[in-house]
Each structure stands twice: as C-alpha cells, then as structure tokens.
Amino acid sequence: MAKALNLIPTSTFPPFSCPRRLPTRRLFSVRATTESPETPTSSSSASVQVKPEPSTFAPPPNFKAPEPKRFGVRPDKTLDVLGASLAIFFRLGCGVFVSGYSFSFVPKDEIPPDQYALDFNDSKVKETSKLGPRPEKPVEIYEFEGCPFCRKVREIVAVLDLDVIFYPCPRNGPNFRPKVGEMGGKKQFPYMVDPNTGVSMYESDDIIKYLVGKYGDGNVPIALSLGLLTTLTAGFALLGRLGKGSIYTPSRLPPKPLEVWAYEGSPFCKLVREVLVELELPHLYRSCARGSPKRQILYEKAGRFQAPYLEDPNTGVQMFESAEIIEYLKATYALQ
C-alpha cells in the first residue's frame, strides 16, 4: 500500500544537523523575486540556513505514551475542543474529506480485519476517494495557525491529501518568519515552495489554484472558491481559539523535523498544530482526512487509526492523544 501511494519518507525533509560542532542545516534553494507575488516566478534562487539548537533531546522524566482513547475528551480540554470545533461549522466541513470522497455500508465480513474501516452497528463503512498525481517531494509551506489565508491553504492540503513540510511562522518567531522575507522579498503568509517544480509564491488563492492544478483535478472546491466569503468564514473559524497558534513561545529548535499524522478538519489536530506553531517546530504533516489511503498506512503502522498521531525522531517518542501530545511538546521543546 505504501509503495502504491508513493508515501514520502521523512528523509526528503531538508535535514537539520545538530552534532557537537553545531553545523548549519543543509542548504536548500527556493525562488526569490521582487516581482508581483501573485504568479509563479523563476528569478535567481536564495539559500536559507537555519541553525538547530546544540543540545540533546529526550522525553520528559518518567514519560510514558498514553493509551489511545477513541472519541475521548479529557475534561480539562473540553472547552478547547469545543472552541476548535467551531471551524467545522463555519467552513462547512472543508478539510474533513479528501477529494472525491464517497462511502458505503458493507457487511463486516466483506472487509478483512487488517483493513481500516469504521464500525457502524452490524456493518462497516467503506470509504473511497479520487486522488491526483502525487508529488515526489513534500511541498513546503510557511504559515501560522491564527491566519485565515493560511487556513485556506491547509484546507486544500487536506482535500488533496498532500504530505507537506510546514515551517511555522508565528509572530516574533526568530527562524522561519525572517527567512520568508529573505526568500520572497516580504514577510507575507502563506508562502509556498514546491521543490518538485521550483515554483514559489505568495497569495493563498494562487497557491490553492496551483496545488489543485498540479496535484488535483484542476477544480477548486466550492468552499474555497467564494472569494471574500471564503476568507471571512475562514476568519470566523478562528474565533473559538482567540488567536492561539499566532505568537512565538521561546523554544529549542530540534535537529530533525517532527512527523504529525493529522488533518485540518479535526479540532483535536488543530489544538496540537497550535502548539507546534507557537514553539516554531518544523513538521512533516501527513494529511489524512476522511477517505485518505494514509489511514490504512497508519493503521498498519500503529495498530489503529486515530488523529493526531505524533512521531518524534529526536526522542523516539510515538504517541496518540492530543492533550498528552501538547504536554509532551511543551515539556520537551519549550524553554522553561
């Protein structure tokens, strides 16, 4: 299954190097220009360097990954989950389903026990989707959570079922926000770099059209094609979280990117993403909305499907449960 999907390995992420001598991260090139950001450009490239912290990372003392709980909400996180769930209402579920999503009810014995499927009474839910071409390397996106334009791009990432490297750019962030100004000429978000084509661009609507044309069927979903109304509802979707995921929290930059299995339409995933952004932690985002074939891959990998799921190559930690993931990220990467 993984080979058929051409799932992108974590080694395609431009690696951070963090041994004792503190060398800089391997350079990668993107397009930079002073022309209008609304169209792809092809001017001279600019190299970007980010220095990880010269320290060893380890799980918190006595850390133990929690047992996953299906559809469970920790009591102290109820209000957070409810606030994050407002986005589903305002955005009419955009980012919950993969392009071409469909489902049907089938007898339980029709789906093998090693295949992911939802149980529904005496039946199982068989889900399918229609995906476009898969990028060889993950698209790179510089953005932050508390931005309606960035949300629009994250929604199309979920619809297209893309693996993306997110470089968080919270306000006052010392690493990736300044780099966007160096690469593209201004600090404007979201900013996309496609290493598969050399294209880089600003403007959320242009990024959406580009991704749909390159990795979809060329048609922008209705929920993302309503102009000002789309932007307004994407802004309303943020009201329940009052700007969370927008301002930098001092942290240590890890030598390797974290890997997160999640999708934009999930309130649990949103809560984890907020902390990843605030701590400015780069992460390879395995988008797995409803209908994604990657749900089967995670099912085989972890013995079940549940999102979010975190894999941290810096500490070896693998874990479910959004509330505990948040606590782990803060304990491991926030400067105390």
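1. Helices H7 and H9. In this predicted model, helix H7 (residues 267-278) packs against helix H9 (residues 322-333) at an angle of about 5°, and their axes are 9 Å apart. The two helices are therefore roughly parallel to each other. On the H7 side the contact is made by Phe-268, Leu-271, Val-272, Val-275 and Leu-276, which meet Ser-322, Ile-325, Ile-326, Leu-329 and Lys-330 in H9.

2. Helices H2 and H7. H7 also packs with helix H2 (residues 78-90), here at an angle of about 110° and with the axes 8 Å apart. Angles of 65 to 115 degrees count as roughly perpendicular, and H2 is therefore roughly perpendicular to H7. From H2, the residues Asp-80, Val-81, Ala-84, Ser-85 and Ile-88 meet Pro-267, Phe-268, Lys-270 and Leu-271 in H7.

3. Overall composition. The protein contains 9 helices and 13 strands. It has 336 residues, of which 52% count as buried. Among contacts with a separation of 6 or more, 73% are between residues 24 or more positions apart. The accessible surface comes to about 15300 Å², and carbon and sulfur atoms account for 55% of it.

4. In soluble globular proteins, nonpolar side chains tend to be buried together. The largest nonpolar core here has 57 residues, and those with the most contacts inside it are Ile-141, Ile-156, Met-192, Leu-211, Leu-310 and Leu-329. A second, separate core of 17 residues includes Tyr-142, Phe-144, Val-193 and Tyr-202.

5. Surroundings of Met-192. Leaving aside neighbours within four places in sequence, Met-192 is in contact with Val-139, Glu-140, Ile-141, Val-199, Ser-200, Met-201, Ile-207, Tyr-210 and Leu-211. Two of these partners, Ile-141 and Leu-211, are named alongside Met-192 among the residues with the most contacts inside the largest core.

6. Strand S12 and its partners. In a regular strand the side chains alternate between the two faces of the sheet. In strand S12 (residues 309-312), Tyr-309 and Glu-311 point one way while Leu-310 and Asp-312 point the other way, and all are buried. Strand S10 (residues 258-262) runs antiparallel to S12 and is joined to it by 3 bridges, with Trp-261 standing opposite Tyr-309. Strand S13 (residues 317-319) is likewise antiparallel to S12 and joined by 3 bridges, with Gln-318 opposite Glu-311. The hairpin of S12 and S13 has 4 residues between the strands, and Gly-316 in this hairpin takes a positive phi near 85°.

7. The three-stranded sheet. An open sheet of 3 strands has the order S3-S5-S4, with antiparallel pairing. Strand S3 (102-107) and strand S4 (118-120) stand at the edges with a single partner strand each, so one side of each has no neighbour in the sheet. The twist averages 35° from one strand to the next. S3 is joined to strand S5 (residues 123-128) by 6 bridges, and the bridge partner of Phe-103 in S5 is Glu-127.

8. Cis peptide bonds. Most residues other than glycine have a negative phi, and most peptide bonds are trans. The bond from Phe-189 to Pro-190 is cis, with omega near 5°, and Pro-190 lies in the loop between helix H4 (176-184) and strand S8 (191-194). The bond from Ala-307 to Pro-308 is also cis, with omega near 10°; Pro-308 is placed in the loop between helix H8 (294-302) and S12.

9. Positive phi outside glycine. Asn-62 is not a glycine, yet has a positive phi of about 60°. This residue sits in the loop between strand S2 (45-48) and H2, and is exposed, with a relative accessible area of 81%. Glu-203 also has a positive phi, near 70°. Its loop connects strand S9 (199-201) and helix H5 (204-215). Is Glu-203 buried, partly exposed or exposed? At 27% relative accessibility, Glu-203 counts as partly exposed.

Technical notes
Residues numbered from 1 in each chain as written. Predicted model: local features only at pLDDT ≥ 70, side-chain atom pairs only at ≥ 80, totals over all residues. Heavy atoms only, no water. Buried < 20%, exposed > 50% of the residue type's maximum accessible area, 1.4 Å probe, protein only. Pairing = 2+ DSSP bridges. Contact = heavy atoms within 4.5 Å. Areas by Shrake-Rupley, 256 points an atom, 1.4 Å probe, with all protein chains shown as cover. Core = buried A, V, L, I, M, F, W, Y, C linked by side-chain atoms within 4.5 Å. Axes fitted to C-alpha atoms, helices over the stretch in contact; angles between N-to-C directions. Parallel < 35°, antiparallel > 145°, perpendicular 65-115°, else oblique.
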